[in-house]
Amino acid sequence: MDFNFKKIASDAGGFFSRAKQLTEETFLKAERTELDSHFETLLQRADKTEDHTRRLLSAIEGYLQPNPTVRMEEVFYEKLELKKDGVVRQNNLEQLSTAMTEAGETFGETTPYGTALLKVAQTENRLGQAERELCGQAATNTLLPIRRFLEGDMKTIQKERKVLNSKRLDLDACKSRLKKAKNVDTQTVAEADVRVAQAEFDKQSEITKLLLEGIQTAHNNQLKCLRDFVEAQMSFYAQAHQLMADLQRELSGTMSFRGSSAILVNNSGDPPNGRTMAAAIAAAKPSGGLLPDDLGTKQAKVIMDYEAVLPQEISVIQNDILIVYRLPGMDAEYVMAEKGGKRGKLPVSYIELL
């Protein structure tokens, strides 16, 4: 008990001595032991490293998971599987896929809209899985090593810096007492205290310096983390591009859009016998008569807007007056139409002869 009491008293004495020295340095401009320029440079680099590493960590977390509530969950650092109550939480792309799948099944696979929804849903789901893989790789290879550095090496450095500052205050307090010594005995004791304090300060300086110089190794490790992150991004975006390119080709081969109506198109690019709803309505309207093969050259009026889908077609709007005729061997559902110096194929269901 007596030993503990003495230790507590000694610690309290050291605390008050350091506090007094710090106060004199702050308000009375008392002399203080300065670190060499190289040491100061190492300290500045450590401060910048910690600041930018924390900002980098926060930015990467925000990129991988924009939702701050989810980001706060501890499972975020377990490969970002985002599990809650044993269930994997869907990411935004997977939620979009689910909504599209449900809508597609409701409208039916036999409808152009339902078919398109189901196809897009499959691709969005695969994109969601690819995004999940990106998050997992980034968490393992980038986020976790950076966080370990901040919570390990960086905390150790800051702790040793505080110890160094305490040793420096002790040394300067001893020097101050030596200057104020008025007799030989007091001066002898003060000199001994300065030697001890100087040795402790020098030892702590070396420890802190070694830790500070080790930050270069941390930079090299984080460089590898950065490369891993870029490779994960490159793989994700390449996969995403390929998935969307395949989806675009698939949709282009099975579906085209004319205004607000969609029609099925075969792989050769020619529309099949089934037309759009607009074409069906137009076909049901009375026209100037059936168009025989030997149509000749006639005038016709457009009864409904038509937007060209294929390069050889022509776009027209309702009430346009056209010159129409057929070429030998031409599909019976089409005519050649001329308007304003432009010429192209046009479905017969969109016109009536005058």
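Tutor: Happy to. First a term: buried means under 20% relative accessible area, exposed means over 50%, and partly exposed is in between, using a 1.4 Å probe and protein chains only. This is a predicted model, where local features need pLDDT of at least 70, side-chain atom pairs count only at pLDDT 80 or more, and totals for chains, interfaces and linings use all residues. Residues are numbered from 1 along each chain as its sequence is written, and side-chain values use heavy atoms, with hydrogens and water left out.

Student: Great. Is Phe-236 buried or exposed?

Tutor: Phe-236 has a relative accessible area of 11%, so it is buried. Tyr-237 counts as partly exposed because its relative accessibility is 45%.

Student: How many aromatic pairs does the structure hold?

Tutor: There are four aromatic pairs. In the pair of Phe-236 and Tyr-237, the ring centres are 5.0 Å apart and the planes are at 65 degrees, so the pair is edge-to-face. For the cut-offs, rings of Phe, Tyr and Trp (its six-membered ring) pair if their centres lie within 6.5 Å; planes under 30 degrees apart are stacked, over 60 edge-to-face, and the rest tilted.

Student: And what about the rings of Tyr-306 and Tyr-350?

Tutor: Their centres are 4.9 Å apart with the planes at 65 degrees, so Tyr-306 and Tyr-350 are edge-to-face. This pair links distant parts of the chain, 44 residues apart: Tyr-306 is in the loop between strand 5 (298-302) and strand 6 (321-325), and Tyr-350 is in the loop between strand 8 (342-347) and strand 9 (351-353). Helices (H or I, at least four residues) and strands (E, at least two) are DSSP runs, numbered from the N terminus.

Student: Are those two tyrosines, Tyr-306 and Tyr-350, buried or exposed?

Tutor: Both Tyr-306 and Tyr-350 are buried. For Tyr-306, the relative accessible area is 3%.

Student: Switching topic: which residues have the most contacts inside the largest nonpolar core?

Tutor: Those are Leu-64, Leu-143, Leu-150, Met-154 and Leu-212, in a core of 30 residues. Helix 2 (37-64), helix 5 (112-180), helix 6 (184-213) and helix 7 (215-254) each supply at least two residues of this core, and helix 5 gives the most, with 14 residues. A nonpolar core here is a set of buried Ala, Val, Leu, Ile, Met, Phe, Trp, Tyr and Cys residues joined through side-chain atoms within 4.5 Å.

Student: What does the second, separate core include?

Tutor: That second core has 14 residues, including Tyr-306, Val-316, Leu-346 and Leu-353. Tyr-306 and Leu-346 are 40 residues apart in sequence, with their C-alpha atoms 8.3 Å apart in space.

Student: Okay, helices now. At what angle do helix 5 and helix 6 pack?

Tutor: At about 160 degrees, with their axes 8 Å apart. Axes are lines fitted to C-alpha atoms, for helices over the stretch in contact, and angles run from 0 to 180 degrees between N-to-C directions. Helix 5 and helix 6 are therefore roughly antiparallel (under 35 degrees is roughly parallel, over 145 roughly antiparallel, 65 to 115 roughly perpendicular, and the rest oblique).

Student: And how do the axes of helix 2 and helix 5 cross?

Tutor: They cross at roughly 150 degrees and come within 10 Å, which makes helix 2 roughly antiparallel to helix 5.
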